[in-house]
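This report describes one protein model, from a single residue out to the whole chain.

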Amino acid sequence: MFKKILIANRGEIALRVIRTCKEMGIKTVAVYSTADADSLHVRFADEAVCIGPSSSADSYLKMTNIIAAAEITNADAIHPGYGFLSENAKFSKICAEHAIKFIGASPEMIDGMGDKASAKATMIKAGVPTVPGVEGLMKDLQHAKDSAKKIGYPVMMKATAGGGGKGMRIIREEEGMEAAWESARQESLAAFGNNGMYIEKYIEEPRHIEIQVAGDQFGAYCHMSERDCSIQRRHQKLVEETPSPFMTTKLRKAMGSASVKAAAAVKYEGVGTVEYLVDKDRNFYFMEMNTRIQVEHTITEEVIGFDLIKEQIKIAAGKKISGKNYEPKMHAIQCRINAEDPQNGFRPSPGAITTYHAPGGHGIRIDTHVYAGYAIPPYYDSMISKLITVAQTREEAILKMERALSEYVIEGIKTTIPFHRQLMQDPLFREGNCTTKFMETFEYKAPKD
Ligand code: MV4
């Protein structure tokens, strides 16, 4: 087992990893930017190293500084959390070259899954359902037009280097193809330095359902059921839940075994997530595979009973997994609490928290790094807390969430707490009838008091 893990991240996920390390008897090293000198992750870790100024590019993304911090402190592994360097093939490679275990995917795995067209080709070969389309990249505008005609409009053009909706276009008829081709390629080149495009059928009003998987170094693979992440705004998830209200026993079996097939096909090592689009007829299509721990891993932990960070560390250290699949026994919901103003287009609201009171009681979990007196720096992600409820049924988990949100007091900044309170009351949400289009029609009304 590792003796000392350096956590190459900040905020709630750095704390989350430190907590599990403590329980496992593993020493921890925090890294921090000058803007985070007073952060809890710095205080909770056994050691802390300042790796640069406030800007992420010069601190949390600065590979040489992070490797130097690991070498100085004699860390034998690095946990990257999510975001930052968690899916950076070069960083994974540099860790290996320095004989530091990267608790995440190999450079080859990251590159293979990072290129969306080749990830899709890999999945087709493995027998995992994908969106009908034309295999490979489009050579030119004419090739794109011919492919779209073959597939049948509407189609979606996607950047092979893409993610988060960048370089993605819906095209409903041939007239729109030329403009989409030019603008998507330009956008993708600017964002990723790559303008490769592929085309597939456009799936109307899909749900985003993902399957948690794990694989060990000995060829055992398993799935831990799904998370429904359909409630998103501009590709930012707001609420996640498990089980999905749209799930059936038959669909879970099919998606679970497809995901295990996907993990086995690439000899996946560690914990990962296979993302799918699910249409109204419950057809499911592979979208992406994430090779990191995700923000929403918490809800799976609550319904399965595993500590997924612990599983990640154990697998990286060469321990075996059982290879058994897991089904949810409870219902869990997570609301992402962001330092944002829902009344003003969710614009970031950094600053000092003057009052902080967290809810508590049965079935409530909060993962956060904030406290009264803490100042949220303007340089990083606006997510400041994850509020999770777990209960026997969806209805009870929602009622518990309403109760928890009503107790949650954060003053000094704007947060998304009032947005979540309204969402929990929403008839469509209550019905469990939400697709990725949900937020396009949701109207936030600020409470009067
Ligand atoms: C799609 C799609 C419909 N049809 N692909 C958005 C992010 C990127 N990773 C994949 N995305 C989509 N791909 C086809 N063929 C709709 C989306 C999509 C979406 C997917 C998941 C969650 C939220 C979304 C919001 C808008 C569009």
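Arg 430 is part of helix H14 (residues 427-431); helices here are DSSP runs of H or I with at least four residues, strands are E runs of at least two, and both are numbered from the N terminus. The model is predicted, so local features need pLDDT of at least 70 and side-chain atom pairs count only at pLDDT 80 or more, while totals for chains, interfaces and linings use all residues. Residues are numbered from 1 along each chain as its sequence is written, and side-chain values use heavy atoms, with hydrogens and water left out.

Arg 430 has 35% relative accessibility and therefore counts as partly exposed. That class lies between buried (under 20% relative accessible area) and exposed (over 50%), with a 1.4 Å probe and protein chains only. Leaving aside residues up to four places away in sequence, Arg 430 touches Arg 394, Ile 398, Leu 399, Glu 402, Met 424 and Gln 425, where contact means heavy atoms within 4.5 Å. Between Arg 430 and Glu 395 the C-alpha to C-alpha distance is 7.8 Å, at a sequence separation of 35 residues.

Met 424 is also one of the buried residues of helix H13 (residues 417-425), together with Ile 417, Phe 419, His 420 and Leu 423. Down the axis of H13 these residues fall within an arc of 155°, so they line one face of the helix. The arc is that of the directions from the helix axis to the C-beta atoms.

Helix H7 (residues 141-151) has Leu 141, Ala 144, Lys 145, Ser 147, Ala 148 and Ile 151 as its buried residues. Viewed along the axis of H7, they fall within an arc of 165° and so line one face. Lys 149 and Lys 150, on the other side of H7, are exposed. The cover over the buried residues of H7 includes strands S6 (133-134), S7 (155-159) and S9 (197-201) and helix H8 (177-192). After H7 comes Gly 152, with a positive phi near 95°.

The table gives values for the protein chain.

| Property | Value |
|---|---|
| Helices and strands | 15 helices, 23 strands |
| C-alpha box along the principal axes | roughly 60 × 55 × 40 Å |
| Buried residues | 58% of the 449 residues |

The radius of gyration of the protein chain is 22 Å, which agrees with the value near 22 Å for a compact globule of 449 residues; the radius is taken over C-alpha atoms, and the globule rule is 2.2 Å times the number of residues to the power 0.38. Of the contacts in the protein chain with a separation of 6 or more, 65% join residues 24 or more positions apart.
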